[in-house]
Amino acid sequence: MDSPDADAAPRRSGFSLGRMLRDQLRNIAPFATLLILVGFFSFAAPAFATLGNLVNILQQASVTGIIAVGLTFVILTAEIDLSVGAIANATAIVLTFFTLQPDYVNIANIPLPGWLAIILALAACFGLGLVTAFGVTRIGIPSFIMTLAMMQIGAGISAVLVRGQIAYSVPSLVLTLGSKSLFGVPWIIIFTALLLAVAHFVLSYTRFGRYVYMVGGNREAAEYSGVNVRLIIGSVMTISAVCSGMAGMLGVAYFGSAQQNEFDTFLLDAIAAVVVGGTSLFGGRGGIGNTIVGLFVLGVLNNGLDYVKIDSFLKILIRGIILLVALVINIYAERLRATREVGS
Amino acid sequence: MAPPRLELTGVTKAFGGVHALRGVDFALRPGSIHGVAGENGAGKSTLMKIIAGVHAGDAGEMRIDGKPVHFRSTRDARAAGIGMVHQELSVAPDLTVAENVFLGSQPIGALGLVAWKRMAREAVAQLKNLGLEIDPRARLGDYPIGVQQLVELARVLFSGARIVILDEPTSALSPPEIARLFEVLRRVRTSGRSLVFISHFLDDILAISDEVSVFRNGSHVATAEVGPGIDKSWIIERMIGAGREELEESYLGDIALKSHPDAPIVLEARGLTLAPFYRDLSFVARAGEVLGVYGFMGCGQIELARTLFGKLKPESGALEMSGGVVRLANTTAGKRAGVGYVAESRRAMLFREEPIYRNVSIAFLEHVSRWLLKPSAERAQASTQTQRLGVRPPGVEARLGALSGGNQQKVALAKWLTRAPKVLVLAEPTRGMDVGAKEDVVRIVKSLAAEGMAVIVLSTEPETVLSLADRVLVMRKGELASEFKDCAISKDRLLAAA
């Protein structure tokens, strides 16, 4: 291969470290953050850097990770999904609603065979995703507002089905995937890793994945190239809902119970993982690789803060500050790119 | 004799080395209407922006009532009594008529609250001065565009403007609305104010102006009192320029149009209507023919182009392709029906951050790969097409943003060539390009037509249409005004028809 870049930009004078750092700020900053955090916690707490704790971190990050997979698709198209936590919760509760519960659980539920309960739960999150997709692409409600409404609807479905109670039983397949291990490796880690791998494959090697990036990069140009932009946006909203649903099901098995508002904190965590990882909030840049780094940053931070002596209430503030810094870097990286555009 | 209300002498302005104005003199008499004509890029809007304080001139002087003025901002210009009514109105359609008249200067009553009653009363008085009697409490957006324009004019006058610049005020108006606007303008003139009337519609300029000035290539070439001997052809002659030094595409002489009456019809529009953009358009496009559609900015041809690709849906009328009626639900349907489209702005067509090959393959990806991407086939196809069009530098891995404007335009064309469309719709295909790049595009488009494609070129630049078309349709305010085929055509005839 010849070097088209050198031909293309004659004004560019050779290799410049500064320019490369600026271009790659979006990818370098999250990785540097991760290394600094790991270094700091390993130094501050000897028990942090152990294999056992690595499994801990991965396990704790798994539910967030499954949600973050769907959100990566959404954010790559420059949309947002605020309903992920509520849809995870609703799906989990639909699953338990159709599963036989112990006698002391006072829910008027409808026990069905496990496979049927799983299918109904998947149908529930898929259906909720379709509603979001319809609202955003056909009616034209901005995704920010549409998913805010779906967040309330998801919470409402959860509330109506459990009526303030707590459910415990899930079908055995879900129980295995959520809380059992394979040769010492928790199934939930394997599931999340596989899902991340599949999503990476779809985004990088399929036509659909290309369209996701192109729609995020320039929606108007995609439309004027004959790409069905509505179909792509509708698909990513549905993918996000189904990922949230799966996270909800495995999460219930992992936590051991299903109740209202169980997944509320996962909305912020999942968005944080995608954005801290460096996927652009303006769409078209980033991907699953970035999300994985973001998940590690968040996972290490949550876990590590438990190892060092720190006020547990301060943890919340620290997470907020980390997210804010990531947002600043995200916007700053975009602006650097924009100024380079003008300059070149 | 009283000094001119506004006088400019030797005003010069350059943008990055390109001269937009070269030593322009301009004088506006008190209580008069001054028409300004000139082609796109002749310097009309730059001059008006200097008067309105948007730009500062590089050299030259400006005087109001004989006193020198220097505007550092639009606020300075407003304070000096200069107001502007733009082609794109800056009214707030969701606010009431009265609120629009007083936009930015609501009357305040006791306690610092808005004095609604006084505002309505004064708005009625203001509008009555212009001969307009409408409900001040009604939502402005519910009134037709002509009324909205008059309300904006009322606001400009109310804010104390003694010099009002009207930019293309008649382009969106129907004949009765124009008649009413002219009545209002005459009334304003009687009150001693001065008006500058910029327009592409020379008949309108001649109907309302006391004086007319013509601009060409950044220079003020002529001013005359409107009267006997000053007619449309007088203006057009001066807009185009007879003895020109610069030979850049003059198209003064006759160009013979050769239509292809026997070639099969590829696309037929019957009564296409989409209010308020265009009405009752019927035409055909034939294989192997370049059909030019010429019209001024805002005449509806951009909307027509988008309709042909499925981006906009017509309210009524039918589009037939290859003998059957097609309904294009979206741009994907347009592409499937065999239409290719290059939008009027490269920003809307291309992905600056992506490599060239992705910019090309996005239009035919479904034919290269069903599910999985086929990177080598994709690059090979993209490379074939960019080489065919001579994109420089060669190679498809570079970021699109690294290419020059002309080469980007070639990439926008190249993406349609792998699956040759039956109809290729090009909106403003040579806008903002240098002469060399323009010639490349002309050559490419002609060779595509020679291969049997029907090409439709829509443009507001007469040179673009004249250099490409085998047959020319002229659009005027959303309607087809005339058709040129099998005849000789020149720029002045085209301008006179629009």
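**Domains and strands of chain B**

Guide: The centres of domain 1 of chain B and domain 2 of chain B, taken over C-alpha atoms, are 35 Å apart. Domain bounds come from an automatic or database domain assignment. This is a predicted model: local features need pLDDT of at least 70, side-chain atom pairs count only at pLDDT 80 or more, and totals for chains, interfaces and linings use all residues. Residues are numbered from 1 along each chain as its sequence is written, and chains are lettered from A and ligands numbered from 1 in the order in which they are written.

Visitor: Which residues belong to each domain of chain B?
Guide: Domain 1 covers 6-240 and domain 2 covers 255-497.

Visitor: How many residues are in contact between them?
Guide: 8 residues of domain 1 of chain B contact 8 residues of domain 2 of chain B. Contact means C-beta atoms, placed from the backbone, within 7 Å.

Visitor: New topic. Where is B:Arg139?
Guide: B:Arg139 is in the loop between helix H4 (116-129) and helix H5 (145-158) of chain B. Helices (H or I, at least four residues) and strands (E, at least two) are DSSP runs, numbered from the N terminus.

Visitor: What does B:Arg139 touch?
Guide: B:Asp94 and B:Thr96, leaving out residues up to four places away in sequence.

Visitor: And strand E1 of chain B, what does it pair with?
Guide: E1 (residues 6-15) pairs antiparallel with E2 (residues 18-28) over 7 bridges. E1(B) also pairs antiparallel with E4 (residues 59-64), over 5 bridges. Pairing needs at least two DSSP bridges between the strands.

Key
Two residues are in contact if their C-beta atoms, placed from the backbone, lie within 7 Å.
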